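The following note sets out numbered points on the model shown below.

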Amino acid sequence: MLAALGRSDRYLAKRATVLTEQHRSQVQVLPMAVGPCATASHTATQWRAARRARDCAKAQAAPSPFPFDVDALLRRCGEPEVLPMGGRLLRGALTESEQRWMYEEIGRHSDPASDDMESLRATLTPQAHAEGNSKNSPMPYVCWLHPYARRSSARARPTHFLEWADRLMHALAPASSSLTINSMVAQLYAAGGGLRPHLDENLSWGISISLGSEATFECLPAGAKATRVTLRSGDIVVAEFGKLHHAVSTSAQPPPAWWARVETFGPRTRCNVLFRQALSKARQRDLCERRAMKVHGMSIAQLVAMTGKEEAWFLKLLVAA
Ligand SMILES: O=C(O)CCC(=O)C(=O)O
Ligand SMILES: [Mn+2]
């Protein structure tokens with residue numbers, strides 16, 4: 001049968017057989033290559049180029065599971081709501097399927113052996129959660145370059161989300177343009193959980209995505225009227241969290257239906273994903289020195305000399321203080 005074919009056709013037919021045996025799972029690509037579009041004038045290079053072009057066209061035609069195109073996202077959303085101090089709230093920015101995709105994509109980045117995963121697995125029942133987290137604070141889910149500690153529990157850099165968050169933050173808050181988003185912290189709240197009024201001290205602008213149950217977000221600008229907004233799954237907030245006092249409390253409202261179809265670690269009902277610029281190593285070191293003086297009345301070098309402990313031990317302790 002092969003003898004009846006031209007040289008190029010014979011090559012393609014042979015290659016198809018080899019590939020069929022080696023890559024059974026990918027065989028659907030091959031009939032197109034040996035079908036009507038494979039003429040006698042095709043060389044192997046042309047054949048590969050044609051396949052690349054087809055794959056590329058397919059990829060371009062396939063709808064993206066997430067609105068990485070920030071201009072298109074902003075075009076389809078309503079006007080952002082104005083928050084104090086130049087902040088913005090983009091209501092209903094992500095569709096339900098995009099919310100779910102984001103949550104699961106973040107989960108795909110998690111390292112099952114990380115401390116974050118271990119803590120979540122250790123508090124899966126409401127009782128274990130109440131015992132292990134008496135303040136009902138959010139617990140870290142997956143983090144990349146924690147903005148203070150610069151630690152990661154993600155297996156890989158979530159570059160696609162970091163770059164998207166950077167573009168979106170700059171578009172919604174031009175005052176943030178000197179910053180580059182390089183940190184992602186996804187954290188999980190149980191119903192009723194929250195954060196008391198605080199500042200993201202020593203940090204600046206950030207962009208926050210709400211997934212799951214509703215939460216009340218309070219903006220508490222010093223000397224100005226407080227603003228309370230209800231954040232729903234798919235809402236996006238941009239604010240100067242380092243200057244604007246804020247507080248969060250997760251409602252007892254049930255999360256959207258997709259939440260029941262993903263891994264949410266027992267009693268957790270809300271995920272918040274925060275993108276910010278992490279402290280540089282030098283700034284982190286400087287803050288640790290200041291804390292050492294404030295808390296212990298001596299420098300890190302003096303603490304090391306006095307206790308014989310490693311400098312890294314003190315840095316870890318002081319960065320989280
Ligand atoms: O959960 C939120 O919406 C915001 C979280 C927050 O303010 C923080 O982690 O510092
Ligand atoms: Mn905060």
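1. Two strands are taken as paired if DSSP finds at least two bridges between them. Under this criterion strand β2 (residues 88–90) and strand β9 (residues 236–239) pair, being joined by three bridges and running antiparallel. Within this pair, leucine 89 stands opposite valine 237 in β9. The model is a predicted one, and the points below should be read accordingly.

2. As to overall content, the protein chain has 11 helices and 11 strands. Of its 321 residues, 30% count as buried. Among contacts in the protein chain between residues at least 6 apart in sequence, those joining residues at least 24 apart make up 72%.

3. The pair described in point 1 belongs to an open sheet of seven strands, ordered β1-β2-β9-β6-β11-β4-β3 and with antiparallel pairing. Its edge strands, each pairing on one side only, are β1 (81–82) and β3 (139–144). Helix α5 (residues 96–109) packs on this sheet and touches β3, β4, β6 and β11; the direction of α5 makes about 105 degrees with that of β6. Helix α8 (residues 159–172) also packs on the sheet, where it touches β2, β4, β6, β9 and β11, and its direction makes about 115 degrees with that of β6.

4. How many residues of β11 are buried? Nine of the nine are, so the strand is largely enclosed by the rest of the structure. On one hand, β11 pairs in the antiparallel sense with strand β4 (residues 183–190) over eight bridges; serine 183 has arginine 276 of β11 as its bridge partner. On the other, seven bridges join β11 to β6, and these two strands run antiparallel. There, serine 208 stands opposite leucine 274 in β11.

5. A second topic is the sheet of four strands, which is open, has the order β5-β10-β7-β8 and is paired in the antiparallel sense. The edge strands are β5 (194–198) and β8 (227–231), each of which pairs on one side only. From one strand to the next, the twist averages 20 degrees. Five bridges connect β7 and β8, an antiparallel pair, and threonine 216 has threonine 230 in β8 as its bridge partner.

6. Which residues surround ligand 1? They are Leu195, Asp200, Ser208, Ser210, Ala215, Phe217, His246, Val248, Asn272 and Leu274. By type, this shell divides into five nonpolar, four polar and one charged. At least two shell residues come from each of β6 (206–212), β7 (215–219), β10 (246–250) and β11 (268–276). Of these strands, β6 and β11 lie in the seven-stranded sheet, whereas β7 and β10 lie in the four-stranded one.

7. The largest nonpolar core has 52 residues, of which Ala165, Met169, Met184, Ala186, Val238 and Val273 touch the most other members. In soluble globular proteins, nonpolar side chains tend to be buried together.

Conventions. Residues numbered from 1 in each chain as written. Chains lettered and ligands numbered in written order. Predicted model: local features only at pLDDT ≥ 70, side-chain atom pairs only at ≥ 80, totals over all residues. Near = placed C-beta within 6 Å. Nonpolar A, V, L, I, M, F, W, Y, C, P; charged D, E, K, R; others polar. Buried ≥ 20, exposed ≤ 12 C-beta atoms within 10 Å, placed from the backbone. Axes fitted to C-alpha atoms, helices over the stretch in contact; angles between N-to-C directions. Contact = placed C-beta atoms within 7 Å. Core = buried A, V, L, I, M, F, W, Y, C linked by C-beta atoms within 7 Å.
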